[in-house]
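Here are a few notes to read with the model open beside you. They cover some helix pairs and a pocket.

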Amino acid sequence: MRKLILALLVLVLLVPAQLAFAQDDMMDFDCGTDEEVTIKYFGDPVGSHPEAEEAIIEGFQELCPNITVERNEGSASVTDLIAFYLTAFEAESSDLDVIRVDVIWPGQLAEHLIDMSEYASQEHIDAQLPALIDNNTIDGRLVALPLRIGFGMLYYRSDLLEKYGYDAPPATWDELEEMAAAIQAGEREEGMDEFWGFVWQGNAYEGLTCDALEWHVSATGENFLQSDGTISALSDASVAIYEQAASWVDTISPPGVVSYQEEEARAVWDAGNAAFMRNWPYAYTLSQESENIPAFDVAPLPAGESGQGASTLGGWHIGVSKYSENQEAAAAFAVYMTSVEGQKTYSLITTSPPAAVELYEDPEIIEAMPFASPDVVDITTARPSNFAKDRYNEVSTLYFTAVHSILTGEEDADVALELLELDLEALFEEE
Ligand code: GLC
C-alpha cells in the first residue's frame with residue numbers, strides 16, 4: 001500500500017513537471033514575427049500524403065497563430081517542379097516563401113535560398129544526419145534543413161512468390177526477370193488480364209535518372225558521372241544493362257511503363273496487378289492500405305554484373321526563398337517542420353525515414369519503417385549533384401533523355417551512351 005501511494009505521488013509530481021517542460025519548450029519557440037502574416041508553402045504533390053503536411057501546419061499554427069501557412073501542391077514530376085521554381089526565382093518572385101528542396105538541388109538553388117543556419121539552433125542542425133548537412137551546405141551556407149530521406153527499394157508480392165514456389169525475393173536482375181515472367185504468365189492464365197511482372201519509373205524525367213542510375217551502378221559498380229568528374233556512361237556492362245531494361249518494356253513491364261512516374265507505377269501495383277515494383281519508402285504505408293494486395297514485403301534492389309545492387313538516394317529538405325517578403329515567419333515554419341517533432345509526425349504518416357538521427361531509435365519509427373536505417377545515406381548511391389552543382393538539372397536531363405531513347409527503341413544503347421558522353425563532356429568544357 002505504501003508503495004502504491006509512493007508511486008502515485010511520483011506520478012502526481014512528475015507528470016505536471018513533464019507537461020510544464022513540454023509547454024516551456026513550446027513557449028520558447030521563436031515565430032520570428034508578431035505580425036499577422038500569410039506564407040506560401042510549396043509542398044508534396046497530389047496523391048502522396050497531404051495529411052502529413054496538414055498535421056505539421058496545424059501544429060505550427062498552434063504555436064504561431066499569427067502566421068497562416070497556405071499549402072500549395074507542387075508538381076509530381078521533379079523535373080517540372082525545378083523548372084517552376086527556377087522560373088519563379090529568376091523573376092525574383094515573392095510568391096514562394098517555403099519550398100521543398102530535393103536532395104539533388106542545394107547546388108542548383110543555393111543562390112535563391114537563405115542561410116538557414118541563421119535561424120535553426122546548432123542543436124537543431126547537429127541532430128540531423130551529418131551527410132545531409134554537408135549535402136545542403138553550399139559555400140558555407142546551409143541552404144535547406146533536412147526533413148527526410150528516401151531510397152530505391154524493391155516491393156514484392158510475398159503471397160505470389162510463395163504461390164509460385166519462390167522462397168526469397170530475387171537477388172539479381174536475371175532472377176527478377178525470370179520470376180516476373182513466370183508469375184505474370186501464371187496470373188494471366190488465371191484470368192488476371194491486366195497483370196504485369198514489374199513496374200517502375202520509365203518516363204523521361206528525374207525519376208528515370210534514379211532508376212537508371214541503379215541499373216548502371218549495379219552493372220558497372222560506378223556512377224555514370226563520378227564525384228571527380230570522370231564520365232563513365234559507356235561500357236560493355238552498361239550497354240548490356242540498358243538493353244536488358246529495354247527488353248522489359250512490353251514483356252514483363254507494361255508498354256506504357258516508358259511514361260510512368262512513381263504514382264503510375266504504384267497505381268498498377270496498388271490494383272494488385274504487379275508482382276514487383278521499384279519505388280520509394282512512401283509507397284510502404286500506401287501498400288499496407290491497399291485492399292488488393294494480400295501480402296507484400298520490401299527488399300534491396302537486385303544486383304547486376306558488378307555483383308552488387310544499388311539504390312539511389314532521394315529525399316526532401318526545406319528551404320526559404322531569398323525573395324520572400326516574410327523570411328522570418330517562413331524560416332520559423334521551416335525550423336518547426338524539420339524539428340524532431342515535425343519530422344516524426346511527417347515520417348510516421350508517410351513512412352519516409354527521417355533525417356534526425358535520434359528518431360532511428362524511436363520505437364514508433366522502428367515499428368512503422370522496419371526497413372529504415374541511418375546508415376542508408378552511406379550505402380546508397382548519390383546522383384552526381386555535388387559535382388555538377390548548378391549544372392545538375394542539365395546533366396540529369398541529358399542522362400534520362402538518352403536512357404529513354406534506349407527504352408523506347410529510338411536509339412541503340414551504344415550510340416545513345418556515346419552521344420551522352422560527348423554531351424556531358426561538352427557541358428563541363430563550357431565552364
Ligand atoms: C523522390 C525522391 C527524390 C527524387 C524523385 C524522383 O521524390 O525523394 O529525391 O528526385 O523521387 O522522381
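1. At what angle do the axes of helix α10 and helix α19 cross? Keep in mind that this is a predicted model. The two axes, from α10 (residues 236–248) and α19 (residues 413–429), cross at roughly 120° and come within 9 Å. An angle from 65 to 115 degrees would count as roughly perpendicular, and α10 and α19 are therefore oblique to each other. Their crossing is right-handed.

2. Now look at who touches whom in that pair. On the α10 side you'll find Ser238, Val239, Tyr242 and Glu243, and they meet Ala413, Asp414 and Leu417 in α19. Sorted by class, the residues of this contact come out as 4 nonpolar, 1 polar and 2 charged.

3. Helix α10 has another partner to check. Helix α8 (residues 173–189) packs with α10 at an angle of about 10°, and their axes are 12 Å apart. Angles under 35 degrees count as roughly parallel, so α8 runs roughly parallel to α10. Trp173, Asp174 and Glu177 of α8 make the contact with Ile241, Gln244 and Trp248 of α10. That gives 3 nonpolar, 1 polar and 2 charged residues.

4. The crossing is right-handed. From α2, the contact uses Glu51, Ala52, Glu53, Ala55 and Ile56, while α14 brings Gly342, Thr345, Tyr346, Ile349 and Thr350. By class there are 5 nonpolar, 3 polar and 2 charged residues in this contact.

5. Helix α14 (340–350) also turns up in the lining of the second largest pocket, as one of the elements that give two or more residues to it. The others are β3 (98–102), β6 (145–151), α9 (206–220), α11 (262–270) and β11 (313–320). The pocket holds about 510 Å³ of space.

6. Which residues lie nearest the centre of the second largest pocket? They are Ala76, Glu262, Trp280, Tyr282 and Trp316, out of 31 lining residues. What is the lining made of, by class? It has 11 nonpolar, 11 polar and 9 charged residues. If you want a place to start zooming in, Trp280 and Tyr282 are among the residues nearest the centre.

Terms used
Residues numbered from 1 in each chain as written. Predicted model: local features only at pLDDT ≥ 70, side-chain atom pairs only at ≥ 80, totals over all residues. Heavy atoms only, no water. Axes fitted to C-alpha atoms, helices over the stretch in contact; angles between N-to-C directions. Helix = DSSP H or I, 4+ residues; strand = E, 2+ residues; numbered from the N terminus. Parallel < 35°, antiparallel > 145°, perpendicular 65-115°, else oblique. Left-handed = near helix turned anticlockwise from the far one by under 90°. Contact = heavy atoms within 4.5 Å. Nonpolar A, V, L, I, M, F, W, Y, C, P; charged D, E, K, R; others polar. 1 Å grid on protein atoms, 1.4 Å probe; cavity = no way out; pocket = protein on both sides within 12 Å on 5 of 7 lines; lining within 4 Å. Points joined across faces, edges and corners; volume = space filled by probe spheres on them.
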